[in-house]
Amino acid sequence: MQRVWAALYPPGTRADVNEAPFQTIGEMTAAAAQSYGDKTAFTTILPNGFSGSLTFKDVHHLSDAFAAYLRKELKLKSGDRVALQVPNTLVYPIAAFGILKAGCVLVNVNPLYTGPEMAKQLGDAKPQALIIINMFADKLTRALVDYAVPHIVLSEAADFFPSRARFIARFVQRFIKRQIPHCPVAATDFSAAIAKGEAHLQKGTDVAAYAKDIDAHALALLQYTGGTTGVAKGAMLSHRNILMNMAQSLEMVGIDIAKGEEVILSVLPLYHIFAFTINFLGFFWLGAENVLIPNPRPLTNLRKAFSMRKITWLTGVNTLFNGLTNSKWFVKNPPRHLKRVIAGGMALQTAVAERWRDVTGVGVIEGYGLTETSPVVTFNPFDRPVAGSIGLPIPSTDIRCVDDQEKEVAGGEVGELCVKGPQVMQGYWQKPDETVKVLKDGWLHTGDMATVDAQGYVRIVDRKKDMILHSGFNIYPNEVEDCLARHPQIIEAAVIGVPDGASGEAVKAFIVRRDESLTVQKVRDFCKENLTAYKVPKFVEFRDSLPKSNVGKILRKDLR
């Protein structure tokens, strides 16, 4: 396939990235530690300003210790799954790198999951160990009913903080806020696990030898997703999938990154695939300081991080940018050192992007990806972004749009976006029937409806399953939501289709408004001025808030 879009890549960008920079993620960790040594790699900042940091050398050594603990103490083998259920704390990089160095498979689990949700994922992945933050230990009673994970390790929010800050944080959580429940099962403290692993290192355990059991195509992550069919399943991502996607992405943006000098704010959770590949791995490789936010809600939890660090890079989703530009404290004192801001995960609304630029002076560059693609597929070049577009396919990536008969549609026409490249997953864990639905002749069917112009810029119209069919007309919720976002009295909005007799479906809008002076009629009148009649919401419901995922993406399925 001719990649016409390669002509628009930034100067010096290769059209093909043929080889991953490392065989395994563990090798990358060691190389970064060798390059950046005593420089700060990760800093966790709590809402009260308490913080703790680890250097690149610290992360490498402590993750070696955890790898030794898994192999020597727990007797895990290469290929065993290990679940990690912690927010953005200093434990995350140590545990994640340690799991991968041990030759094990990392299973990221959302800390906000309920016990039954945990039970489903743990029952499917069947990990040999689970590292979980102690704040949610009470969920284990329900989570382990169907599958009893053999080994439980408990972490704390302030692990690896200076002793005084850790003592105060622990005291406040345990005795004042009473946020630490009783753990109903036998468990090992994370610090004790590190100490046991350290003892094995002192005896001469060679952690690097564990990598001899694995190669670039070995499974690295089971990354769970609703995928394109709505059924939770584990996308199987190899070391090569992830490292190639990291290299592909940085090929597009690396020219703008000063190695060893950047400070990236990780508001998105590292257990989410975008933050994992770009924030966690990519910026670690490039020697950046990664500022970790354990809980971004409410958004005032970010305030200390912005004031304590000179943030140069930020990644997020539309709702984050919308929320910050609607926060008086942020608008009054926006970050002064921002160089680049990247959006993904959901459609970036034009009104939000414009408001962000007005407040910060820095534009938001939009990209696109999926869990099944490790995740990045497209990205807007910094020197020639196209508003409303998710950009160009990144190096070594092919795309096409097809109709329901698998035939490629003409340029500019709407079709389902399909992707081929080294970042595409191996398949879904133990779900061959689900795999064949989306992987056909090496092409991943994304479930997203898109157009591709003559230059290669891609525009996502909407999710295929979210499209509204009204009297034979296709209505895409993103378009209606983008219109609603421009109304000055609307904070945020979501649109779905609801049954409507002979017409098939009608548009229903859920709206969070600034004040009660905004009425249903005013909403509909505004839409009539900007949309074709059949796209105007027939039903409008005002709400105090909208349901969101762990990364802040509005959940239309919950509204349905």
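Before the first click, one cut-off: a residue counts as buried when its relative accessible area is under 20%, as exposed when that area is over 50%, and as partly exposed in between. Keep in mind, too, that this is a predicted model.

**Stop 1**

Select K508 and E541. Their side chains meet in a salt bridge, with 3.0 Å from N to O. K508 sits in strand β26 (residues 505-513) and E541 in strand β27 (residues 539-542), so this pair ties together parts that are 33 residues apart in sequence. Is K508 buried or exposed? Its relative accessible area is 19%, so K508 counts as buried. E541, with a relative accessible area of 26%, is partly exposed.

**Stop 2**

How many salt bridges does the structure hold? The count is 26. Select D64 and K101 for another of them, at 2.9 Å from N to O. D64 belongs to helix α2 (residues 56-73) and K101 to helix α3 (residues 91-101), so the bridge links parts that are 37 residues apart in sequence. Both residues are buried.

Now go to D159 and R166, which form a salt bridge with their closest N and O atoms 2.8 Å apart. D159 is buried, at 4% relative accessibility.

**Stop 3: helix α15**

Select residues 477-485, which make up helix α15. Eight of its nine residues are buried, so the helix is largely enclosed by the rest of the structure. Colour the buried ones: P477, N478, V480, E481, D482, C483, L484 and A485.

**Stop 4: the nine-stranded sheet**

Switch to cartoon view and pick out the strands in the order β2-β1-β11-β10-β12-β13-β14-β15-β16. These nine form an open sheet with mixed pairing. Which strands stand at the edges? They are β2 (51-55) and β16 (392-393); each has a single partner strand, so one side of each is left without a neighbour in the sheet.

At the β2 end, strand β1 (residues 40-45) runs antiparallel to β2, and five bridges join the two.

Helix α9 (residues 273-285) lies across β1, β10 (263-266), β11 (289-292), β12 (313-316), β13 (340-343) and β15 (376-379), and runs at about 155 degrees to β10. Helix α11 (residues 318-325) also packs on the sheet, where it touches β12, β13 and β14 (364-369). The direction of α11 makes about 115 degrees with that of β12.

Stay with β10 and select S266, which is found in that strand. S266 is buried, with a relative accessible area of 0%. Leaving aside residues up to four places away in sequence, S266 touches N88, N279, N290, V291, L292 and I293.

**Stop 5: strand β6 and its neighbours**

Select residues 151-155, strand β6, which is mostly covered: four of its five residues are buried. Strand β5 (residues 129-133) runs parallel to β6, and five bridges join them. I131 has V153 in β6 as its bridge partner. Strand β7 (residues 188-189) is also parallel to β6, joined by two bridges. Here L154 pairs with D189 in β7.

**Stop 6: a pocket**

Show the surface and look for the second largest pocket, which holds about 710 Å³ of space. Its lining counts 30 residues, and P47, M135, Q173, P294 and N295 lie nearest its centre. Helix α6 (residues 163-176) gives the most to this lining, with four residues.

**Last stop: L417**

Finish at L417, in strand β18 (residues 415-420). At 0% relative accessibility, L417 is buried. Apart from residues up to four places away in sequence, its contacts include Y368, I399, C401, L444, H445 and V458. For a sense of scale, draw a distance from L417 to A129: their C-alpha atoms are separated by 37 Å, and the two residues are 288 residues apart along the chain.

Note on methods: Residues numbered from 1 in each chain as written. Predicted model: local features only at pLDDT ≥ 70, side-chain atom pairs only at ≥ 80, totals over all residues. Heavy atoms only, no water. Buried < 20%, exposed > 50% of the residue type's maximum accessible area, 1.4 Å probe, protein only. Pairing = 2+ DSSP bridges. Salt bridge = Lys/Arg side-chain N within 4 Å of Asp/Glu carboxyl O. Contact = heavy atoms within 4.5 Å. Axes fitted to C-alpha atoms, helices over the stretch in contact; angles between N-to-C directions. 1 Å grid on protein atoms, 1.4 Å probe; cavity = no way out; pocket = protein on both sides within 12 Å on 5 of 7 lines; lining within 4 Å. Points joined across faces, edges and corners; volume = space filled by probe spheres on them.
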